[in-house]
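Colleague: I'm new to this one. Can you walk me through it?

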Amino acid sequence: MRYVKVVWVHELADDPVLYLSELGDDGYETRKVQFYRDGRSEWADESIETATVGLSEIPFPPLEEISSQPEFTAQVITPEEFERAWNEAHADF
């Protein structure tokens, strides 16, 4: 497993500003957490998705490719950082 964080800098009120993803060895997301500017969070895994959060249907692109876009910053995070966010998102569920 790999864990990544993507920060999206924008002014859109209803779109996430932070994404954390757990990636399998094949590069596909297995779990995802999205955080919004207003403090709410949403999550998805292989069995639960909603109209506003779901797992990508394509492999996760290289971090360099994501970060080459000025509005995005992508980096590797620890499994512990992902689990904290995952647990925080589930606290409201």
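Modeller: Below we go through the sheet, a charged residue and some salt bridges. Keep in mind that this is a predicted model.

Colleague: Sheet first, then. What is the strand order?

Modeller: The order is β4-β3-β2-β1-β5. It is an open sheet of five strands, and the pairing is antiparallel.

Colleague: Which strands stand at the edges?

Modeller: β4 and β5 do. Each has a single partner strand, so one side of each has no neighbour in the sheet. From one strand to the next, the twist averages 15°.

Colleague: How many bridges join β2 to β3?

Modeller: Seven. β2 covers residues 16–23 and β3 covers residues 29–36. Glu22 stands opposite Arg31 in β3.

Colleague: What packs on the sheet?

Modeller: Helix α2, residues 79–91. The helix touches β1, β2, β3 and β4. Its direction makes about 65° with that of β3.

Colleague: Switching topic. Where is Asp45?

Modeller: In strand β4, which spans residues 41–45.

Colleague: Is Asp45 buried or exposed?

Modeller: Asp45 is buried, yet it has no salt bridge. The nearest side chain of opposite charge is Arg31, 6.9 Å away. A salt bridge needs the nitrogen within 4 Å of the carboxyl oxygen.

Colleague: Then what does the side chain of Asp45 reach?

Modeller: The backbone nitrogen of Ser47, at 2.9 Å. The backbone nitrogen of Ile48 lies 2.8 Å from a polar atom of that side chain.

Colleague: And which residues is Asp45 in contact with, leaving aside neighbours within four places in sequence?

Modeller: Thr30, Arg31, Leu55 and Trp86.

Colleague: Arg31 again. What does Arg31 form a salt bridge with?

Modeller: Glu83. Their closest N and O atoms are 2.3 Å apart. The pair links distant parts of the chain, with Arg31 in strand β3 and Glu83 in helix α2, 52 residues apart.

Colleague: Are those two buried or exposed?

Modeller: Arg31 is buried, at a relative accessible area of 15%. Glu83 is partly exposed, at 29%.

Colleague: How many salt bridges are in the whole structure?

Modeller: Six. One of them joins Arg40 to Asp38, with the closest N and O atoms 3.2 Å apart. Arg40 is partly exposed at 34% relative accessibility, and Asp38 is exposed at 56%. Arg40 also meets Glu42 in a salt bridge, 4.0 Å from N to O.

Colleague: Which residues do shared partners join into one network?

Modeller: Glu22, Arg31 and Glu83.

Key: Residues numbered from 1 in each chain as written. Predicted model: local features only at pLDDT ≥ 70, side-chain atom pairs only at ≥ 80, totals over all residues. Heavy atoms only, no water. Helix = DSSP H or I, 4+ residues; strand = E, 2+ residues; numbered from the N terminus. Buried < 20%, exposed > 50% of the residue type's maximum accessible area, 1.4 Å probe, protein only. Lys, Arg positive; Asp, Glu negative; His and termini not counted. Polar contact = N/O pair within 3.5 Å; in protein donor to acceptor, adjacent residues only side chain to side chain. Contact = heavy atoms within 4.5 Å. Pairing = 2+ DSSP bridges. Axes fitted to C-alpha atoms, helices over the stretch in contact; angles between N-to-C directions.
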